[in-house]
Each structure stands twice: as structure tokens, then as C-alpha cells.
Amino acid sequence: MADTGRTTHHDIIGREQYPMIGRDRDQYQMSGRGSDYSKSRQIAKAATAVTAGGSLLVLSSLTLVGTVIALTVATPLLVIFSPILVPALITVALLITGFLSSGGFGIAAITVFSWIYKYATGEHPQGSDRLDSARMKLGSKAQDLKDRAQYFGQQHTGGEHDRDRTRVGQHTT
């Protein structure tokens, strides 16, 4: 590409002042000056990793030692007080379970009552269309069953009346 004659930011400041900007980073490392930079960077990374890793290792070992000491001290106490602690823990667990289930059932009841209130006042809560559809289907099936029962009942009672009439007619003659 031909030089357009425009002055760029790098021309004003100078490329040597900011050697790590953009694609100059690769050229800087290839020129040999970056080798000291990359080695010092690797040394800094390694020192940071060793410091952080060592600190975490010390903390984890202190936690392990503390846990072992606490378990050593607490085990005899747990053995001595276990006839009291185990029933107490079971009782506390049952109480907590009872309170949580009671609260859950109470929230469910309030939700149901709220839904019923909205449905009764005509607000059409979610699912009310399905309930209306099911009610209409059930009502139509009930009406069909009533009609069938009435039809079969008339046939059955009509047949008995005819038999009774014939028997009555036979006795009277």
C-alpha cells in the first residue's frame, strides 16, 4: 500500500514508547528484547502461583487439624450425651417438619381460596376455562344418563303394567 501522507497516532508518540500495542507485541518479542519480558512474566506468574497455592495448602491443613481436634474432643461428649441428644434431635426434626408442612398446607389453602374467590366473582383465574369445559361435559353426560334412565325406566315399568293388567284380567274373568 502506498503511503497516504497522513500522520497517525504512532507517528506522533513513537512506536518505541509503547512497544506492546497491537501487532507490535509480536515484533517486540521476535526482536529479542521481549525474551527478558516473557521470562520475568513467567517468573512473576510462578511466584504468584506458589504463593497462592502455598497459602491455600496451609489453610486447608489448618482446617483439617482443627477438625480432627474438634472431633477428638466432641466424640466422648457425644457418646456420653447420646441417650439425650438423639431423642432431642428426632423431636426437633419432627417439630421442624410439622411446622414446615403446616405452613405449606396453609399457603396451599390460601391459594385455593383465592382462586375460588376469583372464580366466584367472575374474574376468570387461570384454569377456569378448563373447569367450565369439564363442568359442561359432566353436565351433558349427566343429562344423557338421566334421559337414558328415564327411557329404560318407562320401558321397564310399562312392561310390568301390561303384565299386571293381563294377570288382573285373567283373575277377573
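## Overall fold

Read along the sequence, the protein chain of this predicted model follows the pattern α-α-α-α. Its secondary structure comes to 4 helices and 0 strands; helices (H or I, at least four residues) and strands (E, at least two) are DSSP runs, numbered from the N terminus.

Because the model is predicted, local features need pLDDT of at least 70 and side-chain atom pairs count only at pLDDT 80 or more, while totals for chains, interfaces and linings use all residues. Residues are numbered from 1 along each chain as its sequence is written, and side-chain values use heavy atoms, with hydrogens and water left out.

## Surface and burial

Of the 173 residues in the protein chain, 3% are buried. Buried means under 20% relative accessible area, exposed over 50%, and partly exposed in between (1.4 Å probe, protein chains only). The accessible surface of the chain comes to about 15300 Å², and 66% of that surface belongs to carbon and sulfur atoms. Accessible areas come from the Shrake-Rupley method with a 1.4 Å probe; for residues, only the protein chains shown count as cover.

## Annotated spans

The unreviewed UniProt entry lists residues 49-78 and 84-117 under "transmembrane region"; such annotations may be inferred rather than shown by experiment. In the model, residues 49-78 are 100% helix and 0% strand, with end C-alpha atoms 42 Å apart. Residues 84-117 are likewise 100% helix and 0% strand, and here the end C-alpha atoms are 49 Å apart.

## A nonpolar patch

V65, I69, V73, L77, L78, I80, F81, I84, L85 and L89 form a nonpolar patch on the surface, with about 980 Å² of accessible area together. Like charges are joined within 9 Å, and nonpolar side chains (Val, Leu, Ile, Met, Phe, Trp, Tyr) within 5 Å. F81, one of the patch residues, is found in helix α3 (residues 34-120) and counts as partly exposed at 41% relative accessibility.

## Aromatic pairs

The structure holds 2 aromatic pairs. In one of them, the rings of W115 and Y119 have their centres 5.3 Å apart and their planes at 5°, so the pair is stacked. Rings of Phe, Tyr and Trp (its six-membered ring) pair if their centres lie within 6.5 Å; planes under 30 degrees apart count as stacked, over 60 as edge-to-face and the rest as tilted.

W115 and Y119 are 4 residues apart in helix α3, so about one helical turn separates them. W115 is partly exposed at 27% relative accessibility, and Y119 is partly exposed at 26%.

H124 lies in the loop between α3 and α4 (128-172). Its phi is near 55°, a positive value in a residue other than glycine. H124 is exposed, with a relative accessible area of 53%.

Definitions and conventions. Patches are made of residues with over 30% relative accessible area and no salt bridge: like charges are joined within 9 Å, nonpolar side chains (Val, Leu, Ile, Met, Phe, Trp, Tyr) within 5 Å. A salt bridge is a side-chain nitrogen of Lys or Arg within 4 Å of a carboxyl oxygen of Asp or Glu.
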